[in-house]
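Dear colleague,

Please find below the structure I promised to pass on to you. My notes on it follow directly after.

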Number of protein chains: 2
Amino acid sequence: MQRLLNKPENYVDEMLKGLYAAHKDQITYINDDLRCLVSASKKKGKVGLATGGGSGHLPLFLGYVGEGLLDGCCIGGVFQSPSAAQMLEVTKEINSGAGVLYIYGNYGGDIMNFNMAQEMADFEDIEVLQVIAGEDVASAPKGMENKRRGVAGIYYVFKIAGAAADAMLPLEEVARIAQKAADNVRTMGVALTPCIIPEAGRANFSIKNGNMEIGMGIHGEPGIEKGPIKPADQIVEEMLLKILEDLPFENGDEVSVLINGLGATPLEELYIAYRKVDEVLSKKNMSIIKANLGEYATSMDMAGMSISLLKLDEELKKYLLMPCNTPFVVQK
Amino acid sequence: MQRLLNKPENYVDEMLKGLYAAHKDQITYINDDLRCLVSASKKKGKVGLATGGGSGHLPLFLGYVGEGLLDGCCIGGVFQSPSAAQMLEVTKEINSGAGVLYIYGNYGGDIMNFNMAQEMADFEDIEVLQVIAGEDVASAPKGMENKRRGVAGIYYVFKIAGAAADAMLPLEEVARIAQKAADNVRTMGVALTPCIIPEAGRANFSIKNGNMEIGMGIHGEPGIEKGPIKPADQIVEEMLLKILEDLPFENGDEVSVLINGLGATPLEELYIAYRKVDEVLSKKNMSIIKANLGEYATSMDMAGMSISLLKLDEELKKYLLMPCNTPFVVQK
């Protein structure tokens, strides 16, 4: 395992201590629990936005807490859901009377815990709504969208909901806009190597050298096509075609594109992939409003990338382009 | 090779096409040469800042071209210097009468080509000054600072010079401040895996599984200590001690810290390392003014990281904290 760590069981808490030390002006934690993270900036009367999920995906989830984006986040161990009790604590902290919206990925453990937290919040008279992101077109066929996993495209739901809340819209409106973003984003990924969970010390799945797996999930969930690594352009075209026909995206659409590195893939290669995305979309007379390239939802040392497309209308575009300032996303 | 690419010989140009497509509002190229990159925003009468070097280090070098930072950049093939002729073209383009400052890393090929470009610019009546970054304390002992390689700490020289030029200071002043930044930054790195140059298809050096090499350069230049991977805290302490005693940094100093991922190392681990840096510096009563964590100077799929410390005075601090807006660095 070619990794920089101390005791594997301290991986998450040491990472968190580093994060709080580095960004103390922007984020803090509550109840002496490092895993209950909240924004240092509060805006009275604003809808609170919370997310949560397992560790091992930086900057997802905690990196998106800050001005113009999310207000709180709970994280669990590597690839493990945080508890409902932790989510309740964050919910109470970030509620300033306007209610709280949960935005998280479509995974069983997270759904169970967020649902419990929502029920407990109800007892405390805090109104909570939920938007679940599940945009990985490889994880379930069309018609079974509610089985799809949430992956990097959840960034768009965070960003747009964050801007809508920052504009002081009421809870129902923020939830409606967040749901619209979730409904209009599609993602597909390709993995080239597995990742190693520090406490396990080895990969819990394998990809043969020289091979790839299209559609693999960010925890190593099985994909839809295994085989020798194809040229980047061919991989991009295959994935993009599946994304485009799914929503479907249409000629002339305005879209935003996110090319997400899974952790170990060089930034150079994300740009090589983007070049092909831009070429294909240009031919369809689609215009790209904002290109996001880099690491948005990773799996530690996994190599590979995902492509997300968000279909824009004037409302989504407006909130997408609004400023924000978090440890990992600064937009002017 | 678990990488996403097409023909290896097109690696650099395809990456560049993606970069221009993604950031067309911010950067462009001149003379139909993709490798001569300039900022899309021009500020009349401002000192022009140029850099250059080999590809394979994104966001270094080209990602730092934009508002409040650099004005132009030439890049070569992977790990290869661009030509003097290319540098001259960029120099002419970014000169608006106030002269041009070259800032680049201490490598033989780059020195030769930048010197030639400076001479050719002189014939065109463009005043050019140079600041060379060489801050890797592992690459040559104290007393032989001029033999040291430039690595991730060059980011600080770019950032501070960029802000000084943006403040419309004259060439000599921008060069003086850039040189002060270069004189006050120290870096040390550790590599855990080699990287693969696409055209070669294999690593040009090796690190045994379970081993690390402290002090290895970003092109695989030999380091100062090989052996089994130690706990992260121990690695950080060893590297930090060498950095601190070199300048030397002193108790009570104000510093900025940059933890740079070499490409394949998870962001989580950079935060684990930062936690230890913060702890050690706190004990020395040193205050950290700005923590920068992420990928600043990479070697494609190399695993490992480097630590850079910049000793601040009021002048350096002022320019460090000024805003900028490039494809890879946005600071409010």
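A:Thr187 belongs to strand β7 (residues 185-191) of chain A; helices (H or I, at least four residues) and strands (E, at least two) are DSSP runs, numbered from the N terminus. This is a predicted model, in which local features need pLDDT of at least 70 and side-chain atom pairs pLDDT 80 or more, while totals for chains, interfaces and linings use all residues; side-chain values use heavy atoms, without hydrogens or water. Residues are numbered from 1 along each chain as its sequence is written, with chains lettered from A and ligands numbered from 1 in the order in which they are written.

With a relative accessible area of 1%, A:Thr187 is buried (under 20% relative accessible area, with exposed over 50% and partly exposed in between; 1.4 Å probe, protein chains only). Its side chain makes a polar contact of 2.4 Å with that of A:Glu135; such a contact is a pair of N or O atoms within 3.5 Å, where within protein one must be able to donate a hydrogen and the other to accept it, and residues adjacent in sequence count only if both atoms are side-chain atoms. Leaving aside residues up to four places away in sequence, A:Thr187 also touches, among others, A:Val137, A:Val151, A:Ile243 and A:Ser308 (contact: heavy atoms within 4.5 Å).

Chain A as a whole has eight helices and 16 strands. Among contacts in chain A with a separation of 6 or more, 71% come from residues 24 or more positions apart.

Turning to chain B, an open sheet of six strands with mixed pairing has the order β1-β2-β4-β3-β5-β6 (two strands pair if DSSP finds at least two bridges between them). Strands β1 (27-30) and β6 (128-133) of chain B are the edges, each pairing on one side only. Strands β5 (residues 100-105) and β6 of chain B run parallel and are joined by six bridges, with B:Tyr104 opposite B:Ile132. Helix α3 (residues 108-123) of chain B packs on the sheet, touching β3, β5 and β6 of chain B, and its direction makes about 170° with that of β5(B) (axes are lines fitted to C-alpha atoms, for helices over the stretch in contact, and angles run from 0 to 180 degrees between N-to-C directions).

Yours sincerely
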